[in-house]
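Trainee: Please take a close look at one part of this structure, the aromatic cluster and the sheet beside its description. I would like one connected account.

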Amino acid sequence: MGAMFSSRWTLAMKTVGLTGTIYLPENVSKTKELALVREGAVLRHHGTDVEKTETKARQMALEEGIDFISPYNDMDVMTGHGTIGKEILEDLPDVDAVFVPVGGGGLIAGMAAYIKALKPTAKVVGCQPAHSAVMAKSVEAGRILDLPSLDTLSDGTAGGVEEGSITFPICQQCVDDWVLVEEDVISDAIYFMMAEHHKIVEGAAGVAIGAFLKTAQKYHGKSVAIISCGANISMEKIKKIIELRQQ
């Protein structure tokens, strides 16, 4: 599960008095992991790619006879993400484009389905790190691909897409454009938010912000919304980003 989804999932389970287990890849950010532990989450680890982690979680749920909830390949989860699209159209009815970070596609599929249904002229832009662009490349190929992912600042969107994911056809139909963002651009976007807006954002948010910065000229004079999806980034990464700009 992504850290933001895991955090909300943990809160939801506590609210309704249920318990559950979150599966995370072994290379998950320690900052994100510690935040979940503080919230009372029960964690297990498997693999180094979220697709493999999810496969293991689904297998264990089946063996233990308990419900499995995917962080993206689930209609209710995707529908919940769609409410963000609803809020954007309510607050910015004249929005021309929406930039959304993409991993498995739950966030963008839910948002895009809603936005395109109510305002088909608005462009929905999928943003992925160049080091892990499985959904973008799968859409380009017309089928879900099994591709390796390299290390990326955007660990929240890294990894593969489950075969048969309900998010894939929606991404095919409703996402207008894809922007792949290099690591230096993600780093620049994170630094930009600190320097210019005094806000800390994580790598996944940096992907969406960086995608806009790469294509800003194309949207000159347009109304644009960018999904800045979290601030779960370690102090070590922030320190490195700052030091690189002081050399």
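Mentor: What follows goes through the aromatic rings and then the sheet. The model is predicted.

A search of the whole structure finds 2 aromatic pairs. A pair of aromatic rings is described by the distance of the centres and the angle of the planes. For F99 and F212, the ring centres are 5.6 Å apart and the planes stand at 85 degrees, so this pair is edge-to-face. F99 belongs to strand β3 (residues 97-101) and F212 to helix α9 (residues 203-215), so the contact ties together parts 113 residues apart in sequence.

F99 also pairs with Y219: the centres are 5.3 Å apart and the planes are at 75 degrees, which makes this pair edge-to-face, because an angle over 60 degrees counts as such. Here too distant parts of the chain are linked, since Y219 sits in the loop between α9 and β6, 120 residues from F99 in strand β3. Together F99, F212 and Y219 form one aromatic cluster. F99 has 0% relative accessibility and counts as buried; Y219, with a relative accessible area of 9%, is buried.

Strand β3 brings us to the sheet. The sheet is open and has 4 strands in the order β5-β4-β3-β6, with parallel pairing. Strands β5 (177-181) and β6 (224-226) are at the edges with a single partner strand each, so one side of each has no neighbour in the sheet. From one strand to the next, the twist averages 20 degrees. Strand β4 (residues 123-129) pairs with β5 in the parallel sense over 5 bridges, and V125 has D177 in β5 as its bridge partner.

Methods. Residues numbered from 1 in each chain as written. Predicted model: local features only at pLDDT ≥ 70, side-chain atom pairs only at ≥ 80, totals over all residues. Heavy atoms only, no water. Pairing = 2+ DSSP bridges. Helix = DSSP H or I, 4+ residues; strand = E, 2+ residues; numbered from the N terminus. Axes fitted to C-alpha atoms, helices over the stretch in contact; angles between N-to-C directions. Phe/Tyr/Trp six-rings, centres within 6.5 Å; stacked < 30°, edge-to-face > 60°. Buried < 20%, exposed > 50% of the residue type's maximum accessible area, 1.4 Å probe, protein only.
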